[in-house]
Each structure stands twice: as C-alpha cells, then as structure tokens.
Amino acid sequence: MKPATLAVHAGAAAAVPGEPVLSPLVPATSFHAHPDAIGFSANDLTSAAPHFYARWSNPTAELLEARLAALDGGEAALSFASGMAAVSGLFLHLLQSGDHLVLSEVCYAGVAELAHDILPRYGIAVTAIDSSDLAAVAAAIRPETRLVHIETPANPILRLADIAAIAEIAHARGAALSVDSTMATPVATRPLDLGADFVVHSLTKYACGHGDALGGAVIGRAAAIADLRKFAGIHFGATISPFAAWLILRGLETLPARMALHQANAAAVVAFLNTHPRVARVWWPGSADHPQAELARRQMRNFSGMVAFSAAAGAALSRQIADRVKLFSYAVSLGKTRSLIFYIPTDDLLRSSFHLEGAAAQAYRAATGNGTFRLSIGLEDPEDLIADLAQALA
Ligand code: PLP
C-alpha cells in the first residue's frame, strides 16, 4: 500500500461488527496475565508475549509502532516519551565505554549536547563531522566506531547527508547507521530503504502535526528493536503515554496530505524571501540553489515546510519580528499546523551546542552570519503568511 493508505490503516485490527471503527485509547497500566504466558522480568520478554505492564507494551503504543514501521518500511518500531528519549535510548543501548560515535556536527541542539556533554561521562568518545562531506565521514570512522548518527535535513540550516553513501561507508567499517529523519518524515525519505540500520523520529513534530503531544520512535529490524525495548524501553522507562500515542496516531492519518501542503506553502514563502532586500540567504531543500539540490531531488520526495534564512543585524531583527508577527508564532518546535519562526544566534549554537571550533566554526559562521531564522511553515494560506512576514520584516 501507498503511504497515504498506510498512514490511515496500517496495523489496525480487522473489522468486527460492533467494535469501534476508530482504534480505542487504552490507558490501562496492567493487563490480565497468566503464569504460563509471561515471566516477571523484562529479560523473559518474547515477541509473542501478551500485554503485561504498560511500560513493556500497551495496545495504543503498539498500534502507533505498527503504523510507524509500515510507513518507514521497517520490521518493527519502538515508541518513546519524546524524540530525545528515543535518541538517548538508542545511543546508550548501542554504545558502551570504549566505543566511538560519529555524529553530524550540525544537528538538533539537544542531540549535540547529549553527545558532547553526556556520552563522554560514560567513556563514549564522539567525533562531530560535516556529514555532507563523505570524505570527512570516512576519515572520522575508527576501529571502535559502533555508530554513525546523521540528521537529514539537519537543524537549523537544512543541511543534507547522503544516506545511501554513508550507509556503505559505515557498514564497510563495521559501524551501524542511524538517521534522524524528523524533518523529512517517511513521506519524503525512507532511510531504511537506503541502507540505514535505524530511523529516529521526534514524533512531536510533523508526525503529530498539531503541537499537542510529545513522542519519539526508533524503527529498524525486529531483533534489534526487541533488544532496544528490553534495554532502553523497559529499563529507562521513557514510555510514551497512551494519550500521546493516540493523538500522534490521529496526526499520522493526515501526514501525507499535510506534507504536500507544507511543501507548497514553503515554496511560496521561499519565493518571497528570495526577493526580500533584508534577507541575505535562504535555505530550503526544494530550492534550485540549495547547496545539495541534486541530493535533495534524489533523496527527498517532499521538501517539507522547514525553511531558514539569515539577515544582517539578525538579533535586532529577531526582536522586531517577535513583536510584530500576527500569524507566525515566535516559538520553537516545528511541523505544526500553525507557522513558527525563531532566531538562533550562531555564537550561542557554536559554543553551547555544536562545540565547533577552528575551520569548522569559521565555515558555519561564513554560511550563517550572526544567526539564522528557522521557519516552520504551517498550513495557513500562503498569501496570508507572506503578508505577515512582509509587515514583520518591513
Ligand atoms: N530530533 C530533531 C531533528 C528535532 O528537531 C528534535 C526537537 O526539536 C528532536 C530530535 C528532539 O525531539 P523531542 O523534542 O520530541 O524530544
């Protein structure tokens, strides 16, 4: 089945007269058990085990996981309480003291900070590289590299990474590849089809789509996800709430339709920004002048609604925009029905999140200047969005 059909139907129970058409929200924390069916320890958990305790599995999260696995073309999925819970669970499951992680140097600030500030405390070494540069990825891999983690498109400048090429490089050296595909969503890109071992999503963003639930997921091969459930799911305990899972399931039903509209609205806003005298540079994977336009066309079936731009005197402009916007919300996060704009100062990002120095810092500063405005283009009418930006930028 095609994505638009999977988003509505994958994993749903067969029709039974009298049963609800809509899959019910099940908030129960424990389920009737039998001594022959399941053991008390997570170590005894088998894939055939019935629901037992909601931190192990629950029917609402199970349906969400089946739908996510189908959309991303994976064997299995594990849902988490947030995107960060999914990333940290995966990292701490796959990596142990003495191991090495190769990471996209430009990525969501929380992931960069987890890698740079927290993993070394557990004896895990981290090398951050420009993952748009395949030679840099290859050069960073060491014998003890267990995982290469890339984000594509990457926060905030929508830098892309070639998933198929990096999968080959990582696998040839015995490392696994995980891809944070939050901004692409399975509508644009299916990293597992391109050779990745794991896909990670913050479901808080486009998957939910309405800005009313936190969630995360890791999708991959069944045996690997079963191990992840025992280790990171059950023992770290960052389980998604059934209500959040249910809201995200409802959001997923419209994901393919929403992504088409996000992309069309972003194209209109980008055309406006490209001609605006106060705008220095615009980034959007759908633009012909995106630095990796060819890769974007090869790897993305939808260019999403994420746009970034830089401008002179960005800090002062950010105050003007925050005061003036009427439709856009000056707020973080992304992927919602409503449009968002937020300013990210380059120095803050380089110092506190990316930890970039020397030539890498210079290259990032040369591209972004003092900062970037990150826009998540929503589902409002594009003419109204452009009018709002025009008066906010004037
Ligand atoms: N990955 C990406 C690409 C993100 O943009 C975010 C959040 O903005 C996360 C992961 C973390 O997700 P969450 O906020 O759901 O923990």
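Reader: Which residues lie nearest the centre of the largest pocket?
Author: This is a predicted model, so let's read it as one. The largest pocket has 23 residues in its lining, and its volume is about 600 Å³. Of those lining residues, the ones nearest the centre are Ala-12, Pro-20, Val-21, Leu-22 and Ser-23.

Reader: How many residues of the lining of the largest pocket are nonpolar?
Author: Sort the lining by class. There are 4 polar residues and 4 charged ones. The nonpolar residues in this lining number 15.

Reader: How many cavities of 30 Å³ or more does a search of the whole structure find, and what is the volume of the largest cavity?
Author: Searching the whole structure turns up 2 cavities of 30 Å³ or more. The largest cavity has a volume of about 100 Å³.

Reader: Which residues are closest to the centre of the largest cavity?
Author: Its lining has 15 residues, divided into 6 nonpolar, 5 polar and 4 charged. Closest to the centre are Arg-55, Leu-78, Ser-79, Arg-229 and Thr-239.

Reader: How many charged residues are in the lining of the second largest cavity?
Author: The second largest cavity has a volume of about 70 Å³. Its lining includes Leu-68, Thr-182, His-201 and Tyr-206, and the elements giving two or more residues to it are helix H7 (185-188) and strand E6 (198-202). By class, that lining has 7 nonpolar residues, 4 polar ones and no charged residues.

Reader: Where do H12 and H15 cross, at what angle do their axes meet, and how close do the axes come?
Author: Two packed helices are described by the angle between their axes and the distance between the axes. Helix H12 covers residues 314-324 and helix H15 covers residues 382-393. Their axes cross at roughly 130° and come within 8 Å.

Reader: What word describes how H12 lies relative to H15?
Author: Start from the crossing angle of roughly 130°. That angle makes H12 oblique to H15. The crossing is also right-handed, and the word for the angle is oblique.

Reader: Which residues in H15 do Leu-317, Gln-320, Ile-321 and Arg-324 in H12 meet?
Author: Taken together, the residues of this contact divide into 4 nonpolar, 2 polar and 2 charged. Those four H12 residues meet Asp-388, Gln-391, Ala-392 and Leu-393 in H15.

Reader: Which peptide bonds are cis, the one from Thr-152 to Pro-153 and which other?
Author: Most residues other than glycine have a negative phi, and most peptide bonds are trans. The bond from Thr-152 to Pro-153 is cis, with omega near -10°, and Pro-153 sits in the loop between strand E4 (145-151) and helix H6 (163-172). Pro-156 is found in the loop between E4 and H6 too. The other cis bond, with omega near -10°, runs from Asn-155 to Pro-156.

Reader: What is the phi of Leu-158?
Author: Stay in the loop between E4 and H6, where Leu-158 lies. Leu-158 is not a glycine, although its phi is positive. The value is about 55°.

Conventions: Residues numbered from 1 in each chain as written. Predicted model: local features only at pLDDT ≥ 70, side-chain atom pairs only at ≥ 80, totals over all residues. Heavy atoms only, no water. 1 Å grid on protein atoms, 1.4 Å probe; cavity = no way out; pocket = protein on both sides within 12 Å on 5 of 7 lines; lining within 4 Å. Points joined across faces, edges and corners; volume = space filled by probe spheres on them. Nonpolar A, V, L, I, M, F, W, Y, C, P; charged D, E, K, R; others polar. Axes fitted to C-alpha atoms, helices over the stretch in contact; angles between N-to-C directions. Parallel < 35°, antiparallel > 145°, perpendicular 65-115°, else oblique. Left-handed = near helix turned anticlockwise from the far one by under 90°. Contact = heavy atoms within 4.5 Å.
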